[in-house]
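Welcome! Here is a short tour for a first look at this protein.

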Amino acid sequence: MSNPILQARGLVKRYGRVTALDDCDFDLHAGEIVAVIGDNGAGKSSLIKAMSGAVVPDAGEILLEGKPVRFNTPNDARAEGIETVYQTLAMSPALSIADNMFMGRELRKPGWRGSVLRQLDRAKMEQVARDKLSDLGLMTIQNINQAVETLSGGQRQGVAVARAAAFGSKVIILDEPTAALGVKESRRVLELILDVRSRGIPIVLISHNMPHVFEVADRIHVHRLGKRLCVIDPKDYTMSDAVAFMTGAKDAPLAA
Ligand SMILES: Nc1ncnc2c1ncn2[C@@H]1O[C@H](COP(=O)(O)OP(=O)(O)OP(=O)(O)O)[C@@H](O)[C@H]1O
């Protein structure tokens with residue numbers, strides 16, 4: 001297998017007396033989708049928050065393309081090309097799709113109008129937003145200036161994934177992207193995830209939905225009691241095996 005793009009080694013995160021991450025490892029390789037599964041409270045969110053800069057681990061290290069990195073804020077991780085889409089989509093409902101896509105990294109007009117007057121380059125932002133959405137087959141959205149609050153749940157998730165794909169040059173982390181969606185909308189988002197992978201961006205997918213995990217993941221990281229219990233290939237195990245490993249009902253397979 002290729003060298004990992006993103007790795008975590010020995011991560012520890014404590015909240016008071018609770019140990020959310022307990023010497024946790026993680027690996028993501030080029031071109032793959034790794035699903036992270038685990039029981040409630042197993043520490044999955046803590047793991048992705050550490051890798052996306054939303055929490056600072058107490059110990060351990062994170063390596064991006066083999067180099068140790070230290071993220072104190074989500075912006076640090078973004079600056080390195082790691083984009084995270086949280087379940088509670090960080091969007092401003094009243095703003096347009098284009099504005100949401102560029103929130104926090106607006107494009108300015110060239111020359112003094114941008115640098116001195118700080119004028120936004122709306123036309124450019126709209127063009128890039130339109131290109132990104134149509135690249136990902138999301139142009140059922142008619143109008144890029146439509147407010148995000150007028151979109152369906154699946155379309156909003158689509159915009160969030162498109163935003164991540166537009167800026168996440170190295171890794172995209174998706175936290176329960178289908179949790180709030182209906183069957184049809186989930187399907188569209190799963191296709192979008194596969195599409196992003198086919199563009200060469202590896203993905204970390206947290207999900208409680210076993211059929212979705214088994215449908216798209218190349219490997220499954222099973223998280224239990226704050227650490228990686230095992231990594232399985234979905235082709236070799238059933239969904240009930242995976243659930244049995246994550247709940248402790250069955251012993252995890254030994255690492256190859
Ligand atoms: N900010 C916090 N303050 C205190 N305890 C926390 C905090 N965040 C997480 N924890 C605790 O750390 C442990 C791991 O939580 P985490 O959210 O990482 O698990 P999870 O696997 O993502 O759970 P779920 O599937 O329910 O979202 C839990 O016991 C949780 O209560």
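## The end of helix H9

H9 is followed by Gly-248, whose phi is positive, near 90°. This is a predicted model, in which local features need pLDDT of at least 70 and side-chain atom pairs count only at pLDDT 80 or more, while totals for chains, interfaces and linings use all residues. Numbering starts from 1 along each chain as its sequence is written. Helices (H or I, at least four residues) and strands (E, at least two) are DSSP runs, numbered from the N terminus.

Helix H9 covers residues 239–247, and its buried residues are Ala-242, Phe-245 and Met-246. They cover an arc of only 95° around the axis, which puts them on the same side of H9; the arc is that of the directions from the helix axis to the C-beta atoms. An α-helix has 3.6 residues a turn, so residues three or four places apart point the same way.

Turned away from that buried side is a face with the exposed residues Ser-240 and Thr-247. Buried means 20 or more other C-beta atoms within 10 Å of a residue's own, exposed 12 or fewer, and partly exposed in between, with C-beta atoms placed from the backbone.

## Around the ligand

Which elements each supply at least two residues of the shell around the ligand? They are strand E2 (18–29) and helix H1 (44–51). H1 gives the most, with three residues.

## The whole protein

The protein has nine helices and 10 strands. Its C-alpha trace spans about 60 × 40 × 35 Å along the principal axes. Of its 256 residues, 38% count as buried.
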